[in-house]
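Please read the following briefing alongside the sequence and the model.

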Amino acid sequence: SAADKGAYPYYMLKEIDEQPGVMRTLIKHYIAEDGTIKIDDDILQSLHQSDRIYIVAAGTSYHAGLVGKELLEKIAKIPTEVHVASEFGYNPPLLSAKPFFIFLTQSGETADSRQVLAQVNEQGYQSLTITNVENSTLSREATYTLLLYAGPEIAVASTKAYTGQIALEAILAKSLGELRHIEAAADFDVAKELTKVANGEQELVDEKKEIEKIAAALLPTTRNAFYIGRSIDYDIVQEAALKLKEVSYIQTEGFASGELKHGTISLIEKGTPVLAVITDKNTAKHTRSNAQEVMARGANVVFIASRSLANDSDQIVLPDVHPLLTPLVAIVPCQLMAYYASLQRGYDVDKPRNLAKSVTVE
Ligand code: G6P
């Protein structure tokens with residue numbers, strides 16, 4: 001069945017490898033041959049009539065929400081805020097006149113998100129749950145649902161749900177942007193771009209041995225590590241850091257590279273691992289100079305860069321994809337890095353200590 005490990009030693013590796021397939025399945029489910037997007041008009045109209053989108057989520061889904069904001073603001077031109085559910089629940093921001101809520105949740109059962117949805121329903125606002133689990137609580141209780149069709153995700157550390165959620169957000173942004181006659185949406189051939197992503201992800205999972213070697217050289221004994229990036233790369237590094245820390249127990253921070261000098265750079269010592277993610281053209285130069293600053297203080301820097309922005313000495317090169325979809329490829333080597341670091345340090349990568357797959361208490 002889909003929930004078997006098959007020949008894989010761990011679910012996490014199986015689920016990392018499934019990501020190109022998840023992209024293709026999403027394209028098949030949501031985009032017709034002629035490019036028409038199959039999302040209920042009710043959902044689009046309801047989003048279109050709102051003046052601000054509030055994305056609410058926890059953990060990895062929250063990180064997928066950060067990228068969702070980029071997509072919805074740039075492709076559909078609707079102001080979008082992203083909130084951690086457990087924060088929003090007890091200290092909501094001042095809402096706009098016509099808010100629309102999107103709940104991102106792999107399981108559809110996260111208590112922190114359910115608590116916010118209960119409030120949203122009480123106030124009579126419209127909502128959409130994007131989830132991998134049909135008939136889950138958040139799916140049943142929201143106004144609308146869109147499913148990820150990613151197949152069961154068993155490993156505690158979420159991988160294919162993150163890339164699935166971002167891809168579906170891209171499809172949603174495209175169809176909403178078209179409805180709103182946004183030029184950026186007309187220019188965004190989402191089926192073509194996601195197909196390119198699927199091929200790029202395949203290239204990366206096929207090169208996993210390279211990542212295993214880098215992990216073995218960089219992470220076997222360190223107590224801490226940093227991922228750095230700017231702009232969309234800052235979104236990516238927050239998820240990359242969560243992956244590494246949750247399965248390897250290396251204390252890892254995903255940091256906005258430009259902000260390092262305002263305090264955090266004092267943590268850099270000889271040998272501190274720093275992984276710099278560079279997929280954003282506008283900030284590539286700046287992240288490189290921030291990386292130079294930590295190298296000058298002894299950090300052990302690994303560059304993860306898009307092909308078109310890469311230098312000859314960069315250790316991990318990513319296939320080029322649409323600038324708003326780079327998280328879908330950049331996260332793959334970061335997931336593999338976390339996977340191998342966990343195994344090399346002797347842990348059960350599928351069941352990290354203290355964590356649950358779905359957290360049903362607040
Ligand atoms: C738990 C899991 C995380 C997940 C988070 C949100 O903490 O361990 O991997 O990202 O819940 O879960 P959800 O099902 O709402 O996406």
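By class, the shell around the ligand holds four nonpolar, 10 polar and one charged residues, where Ala, Val, Leu, Ile, Met, Phe, Trp, Tyr, Cys and Pro count as nonpolar, Asp, Glu, Lys and Arg as charged, and the others, Gly among them, as polar. This is a predicted model, in which local features need pLDDT of at least 70 and side-chain atom pairs count only at pLDDT 80 or more, while totals for chains, interfaces and linings use all residues. Residues are numbered from 1 along each chain as its sequence is written.

**Ligand shell**
- Of the 15 residues around the ligand, those that come nearest are Gly59, Thr60, Thr105, Ser107 and Thr110; a residue is near a molecule if its C-beta atom, placed from the backbone, lies within 6 Å of it.
- Helix H4 (residues 59-75) gives the most to this shell, with three residues; helices (H or I, at least four residues) and strands (E, at least two) are DSSP runs, numbered from the N terminus.

**Confidence**
- The mean pLDDT of the protein is 97, and 100% of its residues reach 70 or more, pLDDT being the predictor's confidence in each residue, from 0 to 100.
- The model scores ipTM 0.97 and pTM 0.98.

**Nonpolar core**
- The largest nonpolar core has 118 residues, and those with the most contacts inside it are Val277, Ile304, Met337 and Tyr339; such a core is a set of buried Ala, Val, Leu, Ile, Met, Phe, Trp, Tyr and Cys residues joined through C-beta atoms within 7 Å.
- Helix H14 (residues 326-344) gives the most to this core, with 13 residues.
- Methionine 337 touches Ile211, Ile214, Ala215 and Leu244, not counting residues up to four places away in sequence, contact meaning that the C-beta atoms, placed from the backbone, lie within 7 Å.

**Strands E8 and E9**
- Strand E9 (residues 300-306) is mostly covered, five of its seven residues being buried; a residue is buried if 20 or more other C-beta atoms lie within 10 Å of its own, exposed if 12 or fewer, and partly exposed in between, with C-beta atoms placed from the backbone.
- Strand E8 (residues 273-278) runs parallel to E9 and is joined to it by six bridges, and strands pair if DSSP finds at least two bridges between them.

- Serine 231, in the loop between strand E6 (224-229) and helix H12 (232-248), has a positive phi of about 60° although it is not a glycine, and serine 231 counts as buried because it has 20 C-beta neighbours inside 10 Å.

Definitions and conventions
Two residues are in contact if their C-beta atoms, placed from the backbone, lie within 7 Å.
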